[in-house]
Amino acid sequence: MSSTRRSVALLGATGSIGVQTLDVLRQEPEAFELVALSGGEQVSELAAMVEEFHVTCVGVLSDSHRMQLAELVGSHVDIVVGDVGLRQLASSADIVVNAVLGFAGLPVTLSALAAGKRLALANKESLIAAAPLVAHVRATPGATLLPVDSEHCAIHQCLASSPGLAGYPDVRRLLLTASGGPFRGWSTEQLRGATKRDALNHPTWNMGPKITIDSSTLMNKGLEVLEASALFGIDVDRVDVVVHPQSIVHSMVEYVDGSVLAQLSRPDMRLPIAYCLGLPVRLDHGYGAIDFTQKVELTFEAPDPMAFPAIGLAYEAARLGGAAPAWLSAANEVAVAAFLDDVIAWCEIIDVVSHVMDRYSPDPLHSLDELIANDAQARREAHSILKK
Ligand code: MG
């Protein structure tokens, strides 16, 4: 077994997905070797990970983080800094897990694919913003893009069981399930009084704060529509959203003959992480296994587009194409950060995004420089709207 041990780089190790990836790796010391890590502000957590997994290469945000970490881990550990460091780490292992938060994860996505690696992608923002650029590097020999996002991992599993033809002509539509978040069933009136505490209290999933807020506005599902379209090369008009409060069915594929395939488990992110690491082998841990001796209730309903306009904004951005998805994602990142910093109310998050999108004028996307310029402009527009 040790001769086939695969090396893993875990970038964004201190966030929720990072910590759960370490949990999977801890169970599989014979199959995987963690060789590189990166993290944000939590330098002492990074140091503890370096020690536990005997990692020799670590990426940090800045020179001051580098100095703090160097004092904790000793001189045998190679410490790299910033985007340049991330790019270096993203081409250093057989499998790269991209769990970096937001647009900052883009260098990891592009570098891992350009180096022909397997990319386990938990950073949907980089794929959504940079879809045409990602499509280009995905053609690199050896490059494989596997989605850690539970819905897309479910669709990957369904499609893999019935491979069909390029472009999936026999697929009528992808059905992305949404828990509906903490505000499912709330009226527009009630939503005006939604607090940070309410929004951070997700009913079924345990996740980091950014995605938890995105789940409360359903922007997460809107971004996932774009993510599904980019990942599977299926037009957004063939991607639908279904609210499924139990978070057991993680998504479905409907075929032209009326058959629907679904993937089911209890909500546990370690399952999609383990799937992306282990493929083509399934790792034997039973993460999320369902106990069918207990009553299992599965219900489905349509989302409420009036109370949750984020999904509609995402479809509009997809139809505009070009840099519009990048604007949507960037504006949302700024608005969610402002909400978490108590600058705006919950009900204003999507208003800010919507106003930014009103200022977007169609701009095709050919290069990384154009994308970075568009991302920066969308953030400036969001900040100028926040100031008003
Ligand atoms: Mg998801």
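Select D375, which sits in helix 17; helices here (H or I, at least four residues) and strands (E, at least two) are DSSP runs, numbered from the N terminus. D375 is buried, with a relative accessible area of 7%. The terms are used as follows: buried is under 20% relative accessible area, exposed is over 50%, and partly exposed lies in between (1.4 Å probe, protein chains only). Leaving aside neighbours within four places in sequence, D375 is in contact with F103 and A330, where contact means heavy atoms within 4.5 Å.

Two notes on the model apply throughout. This is a predicted model, in which local features need pLDDT of at least 70 and side-chain atom pairs count only at pLDDT 80 or more, while totals for chains, interfaces and linings use all residues. Residues are numbered from 1 along each chain as its sequence is written, and side-chain values use heavy atoms, with hydrogens and water left out.

Next select helix 16, residues 349-358, and show the side chains of I349, I350, V352, V353, V356 and M357, which are buried. Viewed down the axis of helix 16, these buried residues fall within an arc of 155 degrees, so they line one face of the helix; the arc is that of the directions from the helix axis to the C-beta atoms. Their cover includes helix 11 (209-217), helix 12 (219-232), helix 14 (310-320), helix 15 (324-340) and helix 17 (368-387).

Move to helix 14, where the buried residues are A310, I311, L313, A314, Y315 and A317. These pack against helix 11, helix 12, strand 9 (239-243), helix 15 and helix 16. Just after helix 14, G321 takes a positive phi of about 65 degrees.

**Backbone exceptions**

Most residues other than glycine have a negative phi, and most peptide bonds are trans. Select D342, in the loop between helix 15 and helix 16: D342 is not a glycine, yet has a positive phi of about 65 degrees. D342 is exposed, at a relative accessible area of 58%. H54, in the loop between helix 2 (43-53) and strand 3 (57-60), is likewise a non-glycine residue with a positive phi, here about 55 degrees. H54 counts as exposed at 65% relative accessibility.

For the peptide bond, select L279 and P280: the bond between them is cis, with omega near 10 degrees. P280 lies in the loop between helix 13 (270-278) and helix 14.

**The two domains**

Colour domain 1 (6-147) and domain 2 (155-320) separately; the bounds come from an automatic or database domain assignment. Their centres, taken over C-alpha atoms, are separated by 25 Å. How many residues of domain 1 are in contact with domain 2? There are 26, and they meet 26 residues of domain 2. About 2,300 Å² is buried between the domains, with carbon and sulfur atoms giving 67%; buried area is the accessible area (1.4 Å probe) that two parts lose on being put together, summed over both. V24, K124 and P147 supply 26% of the area that domain 1 buries against domain 2, more than any other three residues.

Three salt bridges cross this interface, a salt bridge being a side-chain nitrogen of Lys or Arg within 4 Å of a carboxyl oxygen of Asp or Glu. Helix 1 (16-27) is one of the elements that give two or more residues to the side of domain 1 that touches domain 2. Helix 1 gives the most to that side, with eight residues.

Within helix 7, select V134. V134 is buried, with a relative accessible area of 1%. Not counting residues up to four places away in sequence, V134 touches T109, L110, L113, S126, L127 and L145.

**Salt bridges**

The count of salt bridges comes to 21. Select E151 and K221, whose side chains meet in one of 2.7 Å, N to O. This pair links distant parts of the chain, with E151 in helix 8 (residues 150-160) and K221 in helix 12, 70 residues apart. Both E151 and K221 are buried.

Then select E254 and R173, a salt bridge with its closest N and O atoms 3.0 Å apart. E254 belongs to strand 10 (residues 249-255) and R173 to strand 8 (residues 171-178), 81 residues apart. E254 is buried at 11% relative accessible area, whereas R173 is partly exposed at 27%. Last, select D23, R26, E52, D268 and R270, which salt bridges with shared partners join into one network.
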